[in-house]
Amino acid sequence: MWQGLMGRMRSVTLLWVLCSSWTIQTQAQMRISPETVQQWANNFGKQLMALSNRYSGAQLLQKKYKEVEPIVKMEEIDGLKMVKEFAEEMENMLGRKMKSVKRMAETAEDADFYHEFNATLEFDYYNSMLINTLNEDGNNIELGGEFPLEENEHFNNLPVNTQQSVVQVPTNVYNKDPDILNGVFMSEALNDIFISNFEKDPTLTWQYFGSSTGFFRLYPGIKWTPDENGVVTFDGRNRNWYIQAATSPKDIIIAVDISGSMKGLRLTIAKHTINTILDTLGENDFVNVIAYSDYVQYVEPCFKGTLVQADLDNREHFKLLVQELQVKGEGKVKKAMKESFKILNEAAAEGRGSLCNQAIMLITDGAMEDFQQVFEEFNWPDRKVRVFTYLIGRELTFASNVKWIACNNKGYYTHISTLADVQENVMEYLHVLSRPMVINHDHDIIWTEAYMDSVLFNTQAESLLLMTSVAMPVFSKKEETLSHGILLGVVGTDVPLKELMRLAPRYKLGVHGYAFLNTNNGYILSHPDLRPLYKDGKKLKPKPNYNSVDLSEVEWEDTEDALRTAMVKGETGTISLDVRATVEKGKRVVFLKNEYFYTTINETPFSLGIVLTNGHGKNVFIGNVSVEEGLHDLTASDVSIAQEWTYCETDIDPHHRKLTQLQAVVRYLTGKEPDLECDERLLQQTLFDAVVTAPMEAYWTALLLNASGIDGGVETAFLGTRSGLMRMIRYAGVEKRVAKKFLTASDKENIFTLDHFPVWYRRAAENPAGRFLYYVPTEDNSGVNGRFVIAVTPVTVSVSKKTAVAGAIGVQMSLEMLEKRFWSIANQPNDTDCSGIEGLCPLSCSDNPDISCYVIDSNGFIIISRDKADVGKFLGKIEGSVMSQLLKMGMFKRVVLYDYQAMCKAHAHSASGARPLLSPFYNLLAALKWFLSNFLFLLLDFNIYNLWHSDHFTEASKKLKGGFLQPCDTEYPSFVYEPSIKETNSLIKCGRCQKVFVIQQIPDSNLLLVVIQADCDCSRQYPPITMEPKEVKYNASVKCDRMRSQKIRRRPESCHAYHPQENAKDCGGAVAISLSIMLFFACLSVSALIHR
């Protein structure tokens, strides 16, 4: 019985094994016929080619350019000659700005020389906050008055007054203070020179004078927009153009006292003082921050014993760390002074830092030690290092000691008792450092790094505009004040970088070519790949480090820094690099061999580089047609030209500013505006292209009028040429079009702009002529039912074995139309003769749940899928196992790309100093403490400065909490099809099942047809392959090395650190204060209560 039972069990087991084996074999044997897939691919390819050729007219256009090859002249571009010509034009343009600034400085100095200070002066002026403001009686308020304003295209359509300047005064400065009134009265002389400058150089933008007393005179006059609290925090003295012009480069050590006596409001004021000092530094300065009590600690231990460049990254890094400081122990100022001198002396000896001014900023509430010996050992008698002292708090017991330190080391002493005192007192050190330059009357002209002045003009048009400023200091020339070296202020003007880059026209650089500028510090001034903005929710904001992006972080293929080093040194030359360029916002990679040509722009700290792509990028052809013939075709209804390019200069004469570029060209060529300055070579190319492409209008129109009609879903035919000329026809009305935005003025990716050729043009240029390239725009957000496909091919001209790209031509179709055609082709009817066909038969992509069919492009993006939500996604994200196999087989290649301008989510700060800020209880207590303390001091000081400046601490608290976006480095993949492999099929083992797939190239296109067995889930063995960027994490050692590393830079040529006539006795003094006894004791009581 037992044996029988065992026999039956063996039979059952054997039967189960046989059944399982049969099931697995059945699944393994599921076969997709490669022949069937190939037939589908061929049929679909033929339909695509027929549609694309018919509706674009590409063959006709290529024929027309072929016909003119015997009469055109092909030239190879001399890149070195071109970059020198561009640099010379930029030098001339910037030279005109410098002359304007010099005239402003001379006028201001002369006006001051003849002005006698009048303490009782009464003078009404146009206050930019108050103009055109009426009181309750309907009359103009004081310092207001009627001030005509008119929108002006040259000033971003802002309402301005080009006949009058206005004066802006920060809210924390009394607008009728005698110093302000005398300065405003004196600077009225600038009005005439502002207007004269603008007449001489109509390309000038804002001209201004920032006074050392705090007011800001601006031309043309505008109505100033306060912030959301009704406050104007803008102070010209904080701006980089003011600080750089007022002082020479400097090495700064900030030494802050964190002993026990610095607790509470004193530490808050000290931190704000540090931040304010950091805000006065620029990329030509060097800095470190140390804190001291019983011992000296570096705020950033990685920076121990050294100076780091005071770029935006490092300044913001210091600010975050400063917020974590906590009080403890007893203040030993001697140790802090010794460490500070040691850093500065070693930097000077080793040739590091600015090699110009050196200073120590001592922030303390008192100094009790005998510290004279330190200065005797390290600084006397030469006193090369200035010491500035900031006495924090209302206690004046140690004021004489703290003042003695400053006065005996050529510095300046200030007393800061409230947050309101910080700004004005910190600015004093700039005036001291400017003395040698002022006494010597050295009018150095400075140029700033790129910046966006979103504070100055509260409009999006202005805030998103990158600019540089040229500025010059203004001195008192009065003999009686010569030794005091009185700085009156700084004059300057802005130069939008967009206008500067117009002098390197896009058409001369080719489809992938571009021009860029960088500074003496290696930072990008202008570059088409510079991305200064990021999206914070729905708002676009400047990145924290947008103006300190290094050239090596954009041109990252320059791994040896050869290009960067040569440009920073101001050299002229050329270098070749193999680069991985990207299009469609980094989604697709293009392999190029680029040649870089570079030179310096004289009289500026800038260098210019241009890039030409080898091959077609270095060739240009020239053809001639008569003006009459060209003009006839240029004025056709289907023609447009690049509005952002400069065919004719319309910004010089105000009467021309309302003209479009096409209108200006036509008026110039017809003789109606002979005085217009136009680019003759670009006009020649444009007229030639207009004539050669003219037959396309008749071709497209004939199709539109054809009795057989237009295939549904074919929406737009278009072409673009190297001259920025475009022709277009809409085959479908706007109500029927899926791609309503395509080729409109707002569709910046697909039209010619100042920065780039259209994306379809750039992609077509690397495609063989006659073969269409198809893609679904990855940034299209029109929803699954509103997607569209672009088909485009290049048009070339060849002469003497040299080829140049003349243009690109294509057609835009709805995705739905192509999907219907594909599903119709990729379907075997039920009555198909399956004899002789191995595998599944009949086979259908549209309704067979056992298979999944995809049409993908050469970068792996899905164009057609049964699930419409897959369109635009990377195949590896949907079918990770198949893409893994394709990568192993070499049919696709992974290309690693880097982004050194990325923004990543920061994690909560882990330092113990941040814990109180992370606790709701401590947050509440800190807020209560701040409010009560500052409210009492508000009453004492009778000003509201503290109320709005608290924003700084709120922002710092946000950063310490984490969760915000911060600059980071990322790497991400892109994928490229290897076209030598036309077809393949394979089997993927996935546990208990096996997945079969077949892939076939679609002829005469960049597309592939992929058919995959759908009933085998491989997701556990093969996770999705995504293109998501990953943050590059650096360990502590590598991160420290990167932060400390000093790349090659070119120091400014001038340095003013010493003058024998300087009056060093003018070193500040204690501010006399008078307190309300009741309020004073109330303040102490509340402070004691909170500190318990």
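A polar contact is a pair of N or O atoms within 3.5 Å, where within protein one atom must be able to donate a hydrogen and the other to accept it, and residues adjacent in sequence count only if both atoms are side-chain atoms. This is a predicted model, in which local features need pLDDT of at least 70 and side-chain atom pairs count only at pLDDT 80 or more, while totals for chains, interfaces and linings use all residues. Residues are numbered from 1 along each chain as its sequence is written, and side-chain values use heavy atoms, with hydrogens and water left out.

Q: Which backbone oxygen does the side chain of S607 reach?
A: S607 lies in strand β24, residues 607-613 (strands, E, of at least two residues, and helices, H or I, of at least four, are DSSP runs numbered from the N terminus). With a relative accessible area of 1%, S607 is buried (under 20% relative accessible area with a 1.4 Å probe on protein chains only; exposed is over 50%, partly exposed in between). Leaving aside neighbours within four places in sequence, S607 is in contact with residues including F516, T599, R1050 and M567 (contact means heavy atoms within 4.5 Å). At 2.8 Å, the side chain of S607 reaches the backbone oxygen of M567.

Q: Which exposed residues does the face of α19 turned away from its buried side carry?
A: In helix α19, residues 627-634, the buried residues are G630, L631, D633 and L634. They cover an arc of only 165 degrees around the axis, taken from the directions from the helix axis to the C-beta atoms, and therefore lie on the same side of α19. Among the elements that cover these buried residues are β26, α20, α21 and β30. The face turned away carries the exposed residues E628 and H632.

Q: How many Å apart are the axes of α2 and α24?
A: Helix α2 (residues 34-56) and helix α24 (residues 815-825) pack at an angle of about 150 degrees, where axes are lines fitted to C-alpha atoms over the stretch in contact and angles run from 0 to 180 degrees between N-to-C directions. The contact is made by W40, N43, F44, Q47, L48 and L51 of α2 and by M817, L818, R821, F822 and I825 of α24. The distance between the two axes is 9 Å.
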